[in-house]
Structures are given as C-alpha cells and as structure tokens.
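Please look through the sequence and the model shown here before reading on. The paragraphs that follow begin with one pair of side chains and then widen to the chain as a whole.

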Amino acid sequence: MCSDCFYSFVIELQEDMMVQEGDILLPEDRNAVKTIWSDATVHFTISKELAHRVSEIYAALKMIADATCIRFRKHTNELNYLKIRDGIGCASYVGCRGGVQSVFFGPKCSVGNLCHEIIHALGFHHEHTRTDRDQYITVNWQSIKPKSKRNFEVKHGDTLNLPYDLNSIMHYGQYFFSVDGSPTVLPKQSGVKMGQRTHLSQLDVQRLNKLYHCGKDLLYLITGFLLDTSS
Ligand SMILES: [Zn+2]
C-alpha cells in the first residue's frame, strides 16, 4: 500500500513532433517521493489498443529491470498496479498513488520516453527541479512558455545524497518548453548535452537502487555491468 497520498501527474506533451514534458497537475514538493512500490515490485497491465507495441513496452521495463532490483510483473489481483495505455502524449503520476494508476504511452512516445514515465511512477520528479540545480544549470525564465514555468520550479526534498546529473533520463533538454526557440535551460559546464531519452545514466541507476534499497548499484559502478547478487 502507498502510505503517503501526495502525488502529482506529469504530462509529457507533444508539440512540433518533439515530445515535451512536465505539466504537473497536483501539488508535490519533493524530488523523490516517499510513495514507492512495496517490495520493489510493480505489477502492470497493458491495454488492448497497445497490443502492437508490447515489445516496446517490455523494452522500456527492461531498461529499469536490467539495472536495478525493481521487478515488473503482470497484474493478477494486486491492489496497486500500473495500467499502460494509449493517449495523446506520454504521461505519468509521480510515485505510487494507490489502486490502478495510468501511464500513457502515446503514438509519438519512444521506448526511452516510456522508461522516463515509469521512473516518474516509481517516485521521481525531473532532475532539473532539484534544490541544488542552480549550481549546475541556468534557467532562462524569459524563454519559457508562460504556462510551463511551473515545470521549472524547484522541488524541495530528498535527493538521496547523490550528485546532480545532467545526463539523467529525467533531465530536461535545453529547448524544452521554449517560447521562441531559444534555450530554456543551459548547463553551466560547457559542452554537456542534456535531455537524453536513450538510457539510464549511472546516477539514474544509483538513484533507483537507493530509493528501492537494492544492493546492485555498487557492483554496477565497479564492474560497469550488472551481476545478479540475489541468487
Ligand atoms: Zn517527465
């Protein structure tokens, strides 16, 4: 059961063929939320209209399962579970909210986008809303679409004592929500690319493993690949 009822909903909207992210509909003030899935296990269903995309969905779940102790199982009679369904964009609640919980996997969403959504559902907000972000990025408020400014507001809370991560799959790219094509977020370190949606960064792996009390993150760091220590 989820013990904390603060949650929020994040819509990853599509505009101009680019998937954009971050419309938070409900109040939330943490970077990682406390509403995590018990036993690091997430049960899920896939709606019928996504039958032709099952392999992509499994690929997104595998990105997380391969690197962490988090497990995804088909829903049978569990109270809390994810329903992966079609929609106009990619969207997710943040954290486990209790009961059936939708994750939207729209036609333009990639495997990486879905992985990003599922990490929201696992309890994480966007990396660029961390309390220490101003040391690493500059937010150009005048370049952000007025209605989207709240997506750039800092969220106070638990960063799990892990460093800021410009390479996170949960970080915005520099043109997200731009009102005029100029950058909305710039890294203070030159030459860094942000906003990738292709893989979990090493810190993404550590972050997930820490929140879910996994034991694999150190091995991952040392060896660069994963060993299953549970068997
Ligand atoms: Zn997002």
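The side chain of His 126 makes a polar contact with the side chain of His 120, at 3.2 Å; a polar contact here is a pair of N or O atoms within 3.5 Å, where within protein one must be able to donate a hydrogen and the other to accept it, and where residues adjacent in sequence count only if both atoms are side-chain atoms. This is a predicted model, in which local features need pLDDT of at least 70 and side-chain atom pairs count only at pLDDT 80 or more, whereas totals for chains, interfaces and linings use all residues. Residues are numbered from 1 along each chain as its sequence is written, and side-chain values use heavy atoms, with hydrogens and water left out.

Where do His 120 and His 126 lie? His 120 lies in helix α2, while His 126 is found in the loop between α2 and β10 (137-139); helices (H or I, at least four residues) and strands (E, at least two) are DSSP runs, numbered from the N terminus. His 120 counts as buried because its relative accessibility is 0%, and His 126 also counts as buried, at 2% relative accessibility. Buried means under 20% relative accessible area, exposed over 50%, and partly exposed in between, with a 1.4 Å probe and protein chains only.

In an unreviewed entry, UniProt places the feature "binding site" at His 116, His 120 and His 126, and it places the feature "active site", also from an unreviewed entry, at Glu 117. Such annotations may be inferred rather than shown by experiment; their positions are given in the numbering used here, and feature names are shortened. Glu 117 is found in helix α2 (residues 111-122) and, at 1% relative accessibility, counts as buried.

Another helix to follow is α3 (residues 202-211), which is largely enclosed by the rest of the structure because eight of its ten residues are buried. Among these buried residues of α3 are Leu 203, Val 205, Leu 208 and Leu 211, and also Asp 204, Gln 206, Arg 207 and Asn 209. After α3 comes His 213, whose phi is positive, near 55°.

Taken as a whole, the chain has four helices and eleven strands, and 53% of its 231 residues count as buried. Of the contacts in the chain (heavy atoms within 4.5 Å) with a separation of 6 or more, 70% are between residues 24 or more positions apart.
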